[in-house]
Amino acid sequence: EGAGIILADAAVRYRSEARYGETLVFEMAVGGFHPTGCDLVYRAKDRASGRAVAEGQMGVRFFDYASRSVVPVPERFRRRFADEP
C-alpha cells in the first residue's frame, strides 16, 4: 500500500517437535492495530494430526524508507482487515 514495514518485536512459543516429513500448515491473522503498525499472529500445526507445533506474534510498524521514519498504517491496508459483520 505504498509503505514499507519493519519488524519491531517478535515472540514464538514452541508447542511440540516438528518432524522430518510432516507437512505444516500455517495460519495467520492481523490485529492489534495502533497508529503506526499492527500485530501479526500465527500458528503452525501438523496437517495430518492437527497437533500444534508453534504459536507466535510479530509487531510490525509501517516505515517510509526515503524519510527513514515510521508512518501511519495505510488506510487501505487497515480496511482490508476490518472486522467483518
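**Note on the predicted model**

1. Arginine 68 is exposed, its relative accessible area being 61% (exposed is over 50%, buried under 20%, partly exposed in between, with a 1.4 Å probe and protein chains only). The model is a predicted one, in which local features need pLDDT of at least 70 and side-chain atom pairs count only at pLDDT 80 or more, whereas totals for chains, interfaces and linings use all residues. Residues are numbered from 1 along each chain as its sequence is written, and side-chain values use heavy atoms, with hydrogens and water left out.

2. Most residues other than glycine have a negative phi. Arginine 68 sits in the loop that runs between E4 and strand E5 (69-70) (strands, E, are DSSP runs of at least two residues and helices, H or I, of at least four, numbered from the N terminus).

3. For the overall layout, the protein chain contains one helix and five strands, and reading along the sequence gives the pattern β-β-β-β-β-α. The C-alpha trace of the protein chain spans about 45 × 35 × 20 Å along its principal axes. Of the 85 residues in the protein chain, 21% are buried. Among contacts (heavy atoms within 4.5 Å) with a separation of 6 or more, 56% are between residues 24 or more positions apart.

4. Threonine 36 belongs to the loop between strand E2 (24-34) and strand E3 (37-46), and in contrast to the exposed arginine 68, threonine 36 is buried, with a relative accessible area of 17%. The side chain of threonine 36 makes a polar contact with the side chain of arginine 61 at 3.0 Å (N or O atoms within 3.5 Å, one able to donate a hydrogen and the other to accept it). When neighbours within four places in sequence are set aside, threonine 36 is in contact with Val60, Arg61, Phe62, Val70, Val71, Pro72 and Val73.

5. The structure holds four aromatic pairs (ring centres within 6.5 Å; planes under 30 degrees apart are stacked, over 60 edge-to-face, the rest tilted). In one of them, the rings of phenylalanine 33 and phenylalanine 77 have centres 6.2 Å apart and planes at 65°, so this pair is edge-to-face. This pair links distant parts of the chain, with phenylalanine 33 in strand E2 and phenylalanine 77 in helix H1 (residues 75-80), 44 residues apart. Phenylalanine 33 is partly exposed at a relative accessible area of 25%, while phenylalanine 77 is buried at 17%.

6. Phenylalanine 77 also pairs with phenylalanine 62, and because the ring centres are 5.1 Å apart with the planes at 65°, this pair too is edge-to-face. Phenylalanine 62 lies in strand E4 and phenylalanine 77 in helix H1, so the pair ties together parts that are 15 residues apart in sequence; both of these phenylalanines are buried. Phe33, Phe62 and Phe77, together with Phe81, form one aromatic cluster.

How values were computed. Rings of Phe, Tyr and Trp (its six-membered ring) pair if their centres lie within 6.5 Å; planes under 30 degrees apart count as stacked, over 60 as edge-to-face and the rest as tilted.
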